[in-house]
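Please look over the sequence and the structure below before reading on.

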Amino acid sequence: MRGTALTVSVAVMVVLGGCSAPTPSPGEVRQTPSPQLVPSTAAQSKGFTRRGVVSAGAPVDLEIKAVERHRDLTALKMELSINTADFHGADFGLGPLTTDFAQFWLLDPVGRKLYFTLREQDGKKAFGTRKNSTTDSFRKGTRYPVEVYFPPLPAGVKQVTVLAMAGLGELTGIPVTDGAPPPVAKPGEEGQAEPGGVFQWPVTPPTADAWSR
């Protein structure tokens, strides 16, 4: 597995406080509206949460469950939900027709490194949670667990900033934990989610030749 990290200059570190995500690499297509940020909150009982408007105007609630350090990767575990109305078109991947969650990044502000998702060799589809199809809708009140994988963080990294796609911005001070069971493949549920419950999409762990920018 080839996991690389980008050194972030002091100038970029300053700018990150006012932007929502890094500039895409050449050839990547990203469709995002103008950011409509809602102030981030860190609820004592529910961890780190944020609400923002993402692609096609979807009002999404994001909760960071954990950032887990493993030997060969780092696992970002989240939960997404929409609590206004059923919504189709809240996409988090790269390109117009995606099912993955590539538009998340990890920033180590102390080591000044930016980590990109582990992806397939074409550099587009990220490993981790993938929706069953591009037509999957977010059901009102349903919670969707999401895992996204990154190169392994050094042992000395204690906290990171999670950068999300435009409209969600950055969540700072997320602790990095050790000792959790390694990620495993999940088949996911079929059909449509039931409102008010938890719906599990399929999870695909990284392969040995996973690629990261």
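In which sense, parallel or antiparallel, do β8 and β13 pair, and over how many bridges? In this predicted model, β8 and β13 run antiparallel to each other where they pair, and 4 bridges join them. The points below begin with this strand, β13, and then turn to the cores.

**β13 and its partners**
- Within the pairing of β8 with β13, L107 is the residue that stands opposite T161 of β13.
- β13 also pairs with β14, again in the antiparallel sense and over 4 bridges, and here L163 stands opposite E170 in β14.
- The hairpin that β13 and β14 form has 5 residues between its strands, and in this hairpin G167 takes a positive phi near 105 degrees.
- β13 is mostly covered, since 5 of its 6 residues are buried.

**The largest nonpolar core**
- The largest nonpolar core holds 35 residues, and the members that touch the most others are L62, V67, F92 and F104.
- Several elements give two or more residues to this core, among them β5 (59–69), β8 (104–108), β13 (159–164) and β14 (170–178).
- F92, when its neighbours within four places in sequence are left aside, is in contact with a number of residues, including V54, V60, L80, F101, F104, F138, M165 and L168.

Technical notes. Residues numbered from 1 in each chain as written. Predicted model: local features only at pLDDT ≥ 70, side-chain atom pairs only at ≥ 80, totals over all residues. Heavy atoms only, no water. Core = buried A, V, L, I, M, F, W, Y, C linked by side-chain atoms within 4.5 Å. Buried < 20%, exposed > 50% of the residue type's maximum accessible area, 1.4 Å probe, protein only. Contact = heavy atoms within 4.5 Å. Pairing = 2+ DSSP bridges.
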